Amino acid sequence: MTAAIEFHGVSKRFRGARSGYSMARDDLVAFLARRNREADGVHALEDIDFEIPQGQAFGLVGDNGAGKTTLLKLASRITYPSTGRIRIRGRVGALIEVGTGLHPELTGRENIGLYGRILGIPRREIVRRFDDIVEFAEIGPALDRPVKQFSSGMQLRLGFSLAAHLEPDVLLVDEAIAVGDAGFQYRCVERIAALVKEGRTLVFVSHNMSAIEAVCERSVLLSHGRIVRDGPTRDVIREYLHGVEDRLLATDHSQAPSFDEELELRSVALLDERGREVDGIEAGGSLTVRMSLHATRPLKRPIVEIGIADGRIGPLTMASMLVDGAVPDELVGNCVVDCTFEDLPLMPRVYELWGGITGEAGVGNVLRWQRLRLFRVEGEVAETGLAAVSQTLTKAPLKTSYTWHVESGLDPRSAS
Amino acid sequence: MTTHEPSILARDSLPVVTPPVSAKTVRDIVGGRGHLSLETVQEFWQFREVQLALVMRQLKVRYKQAFVGAGWVVLQPLIAAGIFALILGRYGHVKSSEPFFLVVLGGMVGWVYVSNALTVGAESVVANQDLVRKIYFPRETLPLTAVFSGLVDLLIALGVLIVVSFAYGIKPALSWIALPLPLLVLVLFAGAGALSLSALNIYYRDVRYILPFMIQLGLLASPIAYPLSVIPARWRELYAILNPIAAGVDAIRRIVIEGTWPAPGTTFAALGYSLVLIVLAAMLFKRLERGFADRA
């Protein structure tokens, strides 16, 4: 299999004075000191090695600043590697940021011609494709206005339309399409999929994990300019999302014991079904939350509430003594309050545990409603849908069983 | 729960049509500094239509401001030559065998071209940062756009010189066929200047401040408002070679105004020297080019 893109030991460093002009003086001093100013610069990418076979849909995953865009800019020759070697086979169409490939002073029509020439496409081919490009970009009436007068949406649409229609062998697409409206994004993904089906190579950068998972068969996870994982997209996405969660858990500051005037929350522990202390549970398992408290003076008929949230506002579910009426008569001295959630139907990911205690009848905060700690629901994604991993790990948190029933092409009379 | 196809693209069931990619579209990008090579020239040729499009745009922008835009190309050398001829001709006691206004106009035709190409060329990469950061094309097309689009102005100005010299009673001569020679000298020299200044301008703000000063100095240091014969005879040739503007302008004067052939030794030496300069400038440009998109 021939590779469309090869990166061999590619590193990219930016010079010390990264933005703006440097001083001739500084460069002169560096030159006299025989110092390479690039060497003490910022590392954007380090020792990148991979090959993308022709026709592969390839995803780039990673945090902001991990080097994804720099990598695309290297492949499109907008910027150059400090060391290493890159080999590209065929024409490259790039949509890296809004307005990529567009000349602001030229009209939409002139830009279509110019871009085609830059890609080395014969004039008749451009003429043949012209209407498709204009139609896809939806810029009709603005075609003969300079691109700088276009809205960013129009620039984006024209840029994508150009990159996607002028027969690129390799298509580089960055986050940019996320700027477009929903309808345009849909058509972009559709167009990208069509190009890949035709056997063209795609390199796709997005923070939309579902889109990456649905479109790309293979991905690379970048972290601080290095490749930390290269493999099937769903594995890479799982690793990436787990990494994000791990960092969330590592920086969880909500476990500090909390003091209120009358009640001290000494600790919050999580217990599994067998009463062992754990940091998380298996998907579908039961979870016991154990609050250790110290009441400085007797607390009559306190209302304890514990909730589970997924980061969005408000808890997903809640155990409340106001609801079930299981109110203890009194809390005094050292106390333990256990609450067991049976068979939690949660998708595997990290959740927040919230809790609070109010006085009798739910009035007056004894222990302010607060985030107590994070916990993880572990589990493998067994489903095989297009974006099963990213959907399960990031979208709706509740797992329910359901079935589909679809009928199509129904007779309108019988349907009513 | 129903299971779906494992991929939206269902590649397993689809025959993969790999588009034919010819061997010549394989591109190797090697890390480190850029350098001038045969590939540079090949690629420039490959992108010739981009160069053409950029030149056309430059001309369109200039001449779109219709009457005045085109008018200035005629007026600029005429007015400048008029002022210098008036001041230097009357009070400067410059000796010249030919009508002094015509001599200065001949100088101005070349000078206006070179100084405009340098001024516009030096800013070209900085002014097009937007383009440089968003799309690949050989960056030298930017400064060269100034050099090529200025050629149209140069030809118009040359036409003005010829018309004015007719008014002075000068007849066309066979030597006019040699005109491309001095023009080539000026183009190469302007190209060398535009390439190196545009690249340096990305890295050092100093260029912006030094250039107007250099242009002023150049006007005095070149035989524009005075004939080459002002320079002492034994330095004249060396001076005209090392400052190719002098050789170019002197050749234009000889050809159009005197109706004689340009000094062959000086002209060809200046041509060779300008060639060396533009190669050196291209080497500098290619060496600095790779950092263009990372700055600004």
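Let's start with R200(A). At 9% relative accessibility, this residue counts as buried. One caution before we go on: this is a predicted model.

What does R200(A) pair with? It forms a salt bridge with E198(A). The closest N and O atoms are 3.1 Å apart. E198(A) sits at 36% relative accessibility, so it counts as partly exposed.

Some salt bridges share partners. R77(A), R27(B), E39(B) and E43(B) are joined that way into one network. Over all chains, the count comes to 36 salt bridges.

Next, R89(A) and E6(A). Their closest N and O atoms are 3.2 Å apart, and they form a salt bridge. R89(A) lies in strand β4 and E6(A) in strand β1, so the pair ties together parts that are 83 residues apart in sequence. Buried or exposed? R89(A) is buried, at 15%. E6(A) is buried too, at 9%.

Now D63(A) and R247(A). This salt bridge has its closest N and O atoms 2.7 Å apart. D63(A) lies in the loop between β3 and α2, and R247(A) in helix α8, so the pair ties together parts that are 184 residues apart in sequence. D63(A) is partly exposed, at 27% relative accessible area. R247(A) is partly exposed as well, at 44%.

Last stop: a hairpin. Strands β8(A) and β9(A) run antiparallel, and 6 bridges join them. The hairpin has 2 residues between the strands. There, H224(A) takes a positive phi near 50°.

Methods
Residues are numbered from 1 along each chain as its sequence is written. Chains are lettered from A and ligands numbered from 1 in the order in which they are written. This is a predicted model: local features need pLDDT of at least 70, side-chain atom pairs count only at pLDDT 80 or more; totals for chains, interfaces and linings use all residues. Side-chain values use heavy atoms; hydrogens and water are left out. Two strands pair if DSSP finds at least two bridges between them. Helices (H or I, at least four residues) and strands (E, at least two) are DSSP runs, numbered from the N terminus. A salt bridge is a side-chain nitrogen of Lys or Arg within 4 Å of a carboxyl oxygen of Asp or Glu. Buried means under 20% relative accessible area, exposed over 50%, partly exposed in between (1.4 Å probe, protein chains only).
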